[in-house]
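Hello,

Here is the structure I promised to pass on to you. Have a look at it first, and my notes follow below.

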Amino acid sequence: MNIPDGLKYTKDHEWIKIDGTTAIIGITDFAQSELGDIVYVDISTVGQEVNEHEVFGTVEAVKTVSDLFMPVKGKVLQVNPILDGSPEKVNEDPYGEGWMIKIELKGSTDGLLTAAQYKELIGK
Amino acid sequence: MEVKQIPLNDVHVKLGGKMVPFAGFNMPVRYSSDIEEHMTVRNGVGVFDVSHMGEFTIKGPHALDLIQRVTSNDASKLVDGQAQYSCLPNENGGIVDDLIVYKIKDNDYLVVVNASNIEKDWNWISKFNTKGAEMKNISDDICLFAVQGPKAVDVLQKLTKTDLKSIKYYHFAIGEFAGVPNVIMSNTGYTGAGGFEIYVNKQHAEKTWNAIFEAGKDVNIKPIGLGARDTLRLEMGFCLYGNDIDDTTSPLEGGLGWITKFTKDFTNSANLKKQKEEGVKKKLVGFKMIDKGIPRHDYQIKDASGKVIGKVTSGTQSPLLSVGIGLGYVASEHSAVGSEIFIDVRGKSLKAQVAKTPLIG
């Protein structure tokens with residue numbers, strides 16, 4: 001299970017990579033492997049400010065649909081354009097090409113988990 | 001409820017199967033990827049361990065009477081070595097379960113039922129067994145391997161002298177398979193991809209499983225999980241009990257008129273006959289998404305004006321077509337192939353079209 005050290009995590013299995021006032025968000029390797037083949041990523045919150053823990057979109061695997069939760073309060077700037085045609089990138093490269101949204105930070109990042117804390121949460 | 005293990009549980013864990021509780025059993029939902037496993041069955045050959053399914057033998061001079069009494073299809077039409085899809089209607093217009101009836105010979109039948117309904121079906125059939133047919137629940141002794149896909153027959157033929165190509169759809173033979181006697185080789189399945197279902201006593205199950213994988217090695221045979229089983233059956237438009245049909249849906253509403261034969265009396269047959277004559281108010285239909293989106297169980301179905309006309313009972317993204325597909329009940333006036341319907345996908349009304357099954361046809 002790949003849980004890179006440089007990222008922050010949530011108990012809802014999102015990762016966030018903070019870079020100054022913006023951040024990139026996706027789902028973890030653990031999340032993609034639990035979901036199975038991802039066939040559709042549906043995010044229609046671009047331009048909106050979304051609160052911490054609120055839903056910014058949904059991810060659909062063959063068998064299930066799951067909500068995507070904001071790790072921190074932020075304004076959604078962009079959705080990864082590659083996911084429209086190639087949602088399987090979330091399975092293949094969850095921390096790279098399979099990223100989901102770019103946001104402008106609008107709130108505290110204090111509640112996030114470190115890689116070690118996230119590993120403990122998922123029992124790896 | 002206690003979760004039971006199927007006899008080859010450890011084999012599946014070793015193969016990397018992700019085990020999840022399903023119908024009271026820990027079952028492999030996938031080994032690698034749902035889509036890859038799905039395509040393996042559509043294009044090559046894959047093996048499902050569906051040993052959770054239930055099997056009852058019904059024997060003796062009153063066996064056929066009992067089967068005719070509780071099932072909707074006409075089992076008197078079966079010849080030795082023939083199987084029949086059927087259902088157990090309840091007394092209130094719904095369905096206790098769907099099942100397959102195998103005629104081994106006169107006075108000797110096997111019925112195969114859904115894992116989640118083993119006890120319910122046993123009690124139900126027993127209730128009508130007033131003349132003393134000999135019933136036995138052999139579910140715990142039997143393993144069932146569904147070997148499915150266009151390459152299945154060639155692989156299996158290596159393991160038996162029985163000429164599999166001569167066994168027609170919904171027929172079976174009993175013989176030696178992989179060195180094991182008394183194996184049922186049944187030309188049935190739940191995928192529409194062709195292939196056989198192999199019923200073997202659990203004491204020979206691992207040997208049989210290994211022999212099948214050895215025989216299929218050169219064509220890249222793979223174990224397939226329940227995830228792909230569901231997408232495969234849904235592409236064909238096959239019902240899943242508990243989703244698409246249940247205690248409250250009538251066989252006629254559920255599109256099972258073709259297995260509801262009024263050539264004999266059976267549970268609730270008078271009312272069902274009346275329903276057939278009067279016509280049903282809702283019907284189970286297959287549909288394909290036109291707008292991008294994936295239908296899911298319990299999503300509402302609406303008409304163009306936004307009025308609710310039914311609900312989705314099964315839905316997924318078709319791995320073969322890469323579009324959303326589903327089954328659902330709609331008011332009968334919307335059930336014709338080609339009808340435009342709308343699926344409420346989390347608040348968005350997405351366009352879909354009623355389609356004939358198989359949905360990949």
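Let me start with a pocket. The second largest pocket has a lining of 21 residues, and those nearest its centre are B:Thr57, B:Ile138, B:Ile142, B:Asn182 and B:Ile184. (On a 1 Å grid over the protein atoms alone, a pocket is an open set of points where a 1.4 Å probe fits, with protein on both sides within 12 Å along at least five of seven lines; lining residues have an atom within 4 Å of a point.) Two or more lining residues come from each of strand S5 (54-59), strand S8 (108-113), strand S12 (180-186) and strand S13 (195-201) of chain B. S12(B) contributes the most, with five residues. By class, the lining has eleven nonpolar, five polar and five charged residues. (Ala, Val, Leu, Ile, Met, Phe, Trp, Tyr, Cys and Pro count as nonpolar, Asp, Glu, Lys and Arg as charged, and the others, Gly among them, as polar.)

A word on the basis: this is a predicted model, where local features need pLDDT of at least 70 and side-chain atom pairs pLDDT 80 or more, while totals for chains, interfaces and linings use all residues. Residues are numbered from 1 along each chain as written, chains are lettered from A and ligands numbered from 1 in the order written, and side-chain values use heavy atoms, without hydrogens and water. Helices (H or I, at least four residues) and strands (E, at least two) are DSSP runs, numbered from the N terminus.

Two backbone details are also worth a look. B:Thr357 and B:Pro358 are joined by a cis peptide bond, with omega about -5 degrees; B:Pro358 sits in the segment after strand S20 (348-355) of chain B. B:Asn220 is not a glycine, yet its phi is positive, at about 65 degrees. B:Asn220 belongs to the loop between helix H6 (205-215) and strand S14 (222-223) of chain B.

Best wishes
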